[in-house]
Amino acid sequence: MPLSGCPGEGLRAEAFVIRPCTLLINALKEGDYATASSLQAEMYDKVEEFKSLYDSYIENMI
């Protein structure tokens, strides 16, 4: 499928949410709270990016 140039196009759930979430869970299970804290901040940023992409999607719906 050709790329349309839409923001966020080509993002995969694995890279966007699933992998960082899994790493966060593993860090918490292992008691690595410094890594967990860093990953939590990363997840927050990703959620904010997702919100922005979703807002753009809603604004451009026909």
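Predicted model: local features only at pLDDT ≥ 70, side-chain atom pairs only at ≥ 80, totals over all residues.
What is the relative accessible area of glutamate 48? The value is 31%, so glutamate 48 is partly exposed. The legends below start with the whole chain.

Figure 1. Residues are numbered from 1 along each chain as its sequence is written, and side-chain values use heavy atoms, with hydrogens and water left out. The helices are α1 (13-30) and α2 (residues 33-59). Helices (H or I, at least four residues) and strands (E, at least two) are DSSP runs, numbered from the N terminus. The chain has 62 residues, and 15% of them are buried. Buried means under 20% relative accessible area, exposed means over 50%, and partly exposed lies in between (1.4 Å probe, protein chains only). The accessible surface of the chain is about 5200 Å². Carbon and sulfur atoms account for 59% of that surface. Areas come from the Shrake-Rupley method with a 1.4 Å probe; for residues, only the protein chains shown count as cover.

**Figure 2. The largest nonpolar core.** Five residues form this core: Leu24, Ala27, Ala36, Leu39 and Met43. Helices α1 and α2 each give two or more residues to the core. The most come from α2, which gives three. A nonpolar core is a set of buried Ala, Val, Leu, Ile, Met, Phe, Trp, Tyr and Cys residues joined through side-chain atoms within 4.5 Å. In soluble globular proteins, nonpolar side chains tend to be buried together.

**Figure 3. Around leucine 24 and alanine 27.** Leucine 24 is in contact (heavy atoms within 4.5 Å) with Ala36, Leu39, Gln40 and Met43. Sequence neighbours within four places are left aside. Alanine 27 sits in helix α1. Its relative accessible area is 5%, so alanine 27 is buried. Alanine 27 touches Asp32, Thr35, Ala36 and Leu39, again not counting residues up to four places away in sequence. Alanine 27 and leucine 39 are 12 residues apart along the chain. Their C-alpha atoms are separated by 8.8 Å.

**Figure 4. One salt bridge, in helix α2.** The side chains of glutamate 48 and lysine 51 meet here, at 3.3 Å from N to O. A salt bridge is a side-chain nitrogen of Lys or Arg within 4 Å of a carboxyl oxygen of Asp or Glu. Lysine 51 has a relative accessible area of 44%, so lysine 51 is partly exposed.

**Figure 5. One aromatic pair.** Tyrosine 54 and tyrosine 57 form this tilted pair. Their ring centres are 6.1 Å apart, with 35° between the planes. Rings of Phe, Tyr and Trp (its six-membered ring) pair if their centres lie within 6.5 Å; planes under 30 degrees apart count as stacked, over 60 as edge-to-face and the rest as tilted. Both tyrosines lie in helix α2, three residues apart, about one turn of the helix. Tyrosine 54 is partly exposed because its relative accessible area is 45%. Tyrosine 57, at 49%, is partly exposed too.

**Figure 6. A nonpolar surface patch of about 540 Å².** Phe50, Tyr54, Tyr57, Ile58 and Met61 make this patch. Patches are made of residues with over 30% relative accessible area and no salt bridge: like charges are joined within 9 Å, nonpolar side chains (Val, Leu, Ile, Met, Phe, Trp, Tyr) within 5 Å. Isoleucine 58 is found in helix α2. Its relative accessibility is 40%, so isoleucine 58 counts as partly exposed.
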